[in-house]
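Let's walk through the packing of this model together, one question at a time. Have the structure open as you read.

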Amino acid sequence: MTSTDKPQAAPDGGQAAVQWRKVITLTASQGLSLTADYVLLVALAWTAVQLGGVGAITTLMLAGTIPRALTLIFSGAIADTLGARFVLLRTTSARALLLATAAVVTFTTPWFWPLVVVAAIEGVLLGIGSPAAGTLMPRLAGGEQLARANSLSSLVTRLAPIIGTPIGAWLIATGELWEAMAVVAATCTVSFAAMWVVTRGMDGGDRMPGENMLRRSGDGIRLLRTYGRLRWLFICAFLLDMAFGWPIEVALPLIVDGRGWGVGSVAVVVVAFSCGAIAAGLAGALLAHRIPLMVRLVVTGVGIGLGILAMAAMNSVFTLAAVGALVGLMAGLNGPAIVTVYQQASPRARLGTAMSMLTLAGIGTVPVSIVVFGALSAVIGVTATWFVCGLVALAAPVAALRALRQPAPGPESLGAPATTGTASPATEPTPAGAALSIEAPATVGAPSVSAVVDGPRESGPDLITDAESDRVTDELLVGTNRSA
């Protein structure tokens, strides 16, 4: 990485610097893009229902999700090879052009199959861009500040469906599909400008002459096999997504209907969950580094599992929504913690590949959850299957504990910039305790890799200054003591 590409360590080796302007710009851009995605999702789904019913909407959803999942298999290698800036500027501009063209096509042609083509291409572009986007935050926030930055990103992720879904419904109710596509194309243009600013000064990839890209597409599996911490964090995320998918997508409406509470109860529970997650995201953006990692990663995982079990036993809408809010609160802390530790444990030169695997764990798991638990519910019933999902979720914190017991990441992780500031090849993890000690609450609770480079901080227009760091510390982090 170049000098403008990495957060530097504070002179005392404590709190790492963070490029707050770029972090906020990136977060706002992601929030706008995700909100637009939900606008488009609602508009496309409603149009598909009008054109072809259930079969049409199923075809459209599969056209968007399958190409995206397949693309994730090799898109991480693309991000590592070509660089995040190269990938994101091209995929974002291509999305803007695609949706602008689609708006013209849908304005002139009331056919269904052009929508399937648009959904498939959109899925490919999102699949290519997702791992590259996942590498940006560790380049802007280092050490314990990465947890706060990821919590801020999680906050806008939770807000996006709440804002985007009603806007999409309003656009399609008062206008036509082409208008919604034109709006989303405009937001992609704004996102392109934001990405241009955020990624300015970031280095390219690490492609070597004659390198086999097909072989590099398998680096994700090799990373999970080589790095125990990544492997167990991947399993943790996989188990939680498996446990969440079927209850929220399928079982909740079935239980509500079976108990005669009315369809509005589904919305009440979902909103309660989202409010809990939003509150956790806001708290994490301010105080994530002050909450011990064991609490954010393991205790909340146990709470999520117990909460899912409890939700199946609730006998009123109020109690179901209250438990749902608590589960959302814990999920809002747990998710950013998984992402942060995963990013810090990933080799610098293979972060895109590592993030593609974590993204695949989420995107590829929900359909599997629906199929597996749906089949099980036909045998043992909806409520009993919901309890099984809770037990699956309780296995996630066990995997998180196993992750924390694995060798800690060395200086090749993005949480600890190397002295040279250049991308380095993946190395074997250092012995446990060399960079991150599980028994050191001040270090783990950050979470941060303490093996950072001592010395003066580099200056730059977007890099936080000593005075600004002191001001932020005085306002938000009073009373916090850190160990080097």
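Buried means under 20% relative accessible area, exposed means over 50%, and partly exposed lies in between, with a 1.4 Å probe and protein chains only. This is a predicted model, where local features need pLDDT of at least 70, side-chain atom pairs count only at pLDDT 80 or more, and totals for chains, interfaces and linings use all residues. Residues are numbered from 1 along each chain as its sequence is written, and side-chain values use heavy atoms, leaving out hydrogens and water.

Q: Is W246 buried or exposed?
A: The relative accessibility of W246 is 0%. Since buried means under 20%, W246 counts as buried.

Q: How are the rings of F244 and F273 arranged as an aromatic pair?
A: Rings of Phe, Tyr and Trp (its six-membered ring) pair if their centres lie within 6.5 Å; planes under 30 degrees apart are stacked, over 60 edge-to-face, and the rest tilted. F244 is in helix α9 and F273 in helix α10, 29 residues apart. Their centres are 5.8 Å apart with 65° between the planes, so the pair is edge-to-face.

Q: Which helix holds F373, the partner of W246?
A: W246 and F373 form a tilted pair, 6.5 Å centre to centre with 50° between the planes. F373 is buried, at 5% relative accessibility. W246 is in helix α9, and 127 residues away F373 is in helix α14.

Q: Over which residue's ring does the charged end of R85 sit?
A: A charge sits over a ring if NZ of Lys or CZ of Arg is within 6 Å of the ring centre and within 35 degrees of the ring normal. The charged end of R85 is 4.5 Å from the centre of the ring of W196.

Key: Helix = DSSP H or I, 4+ residues; strand = E, 2+ residues; numbered from the N terminus.
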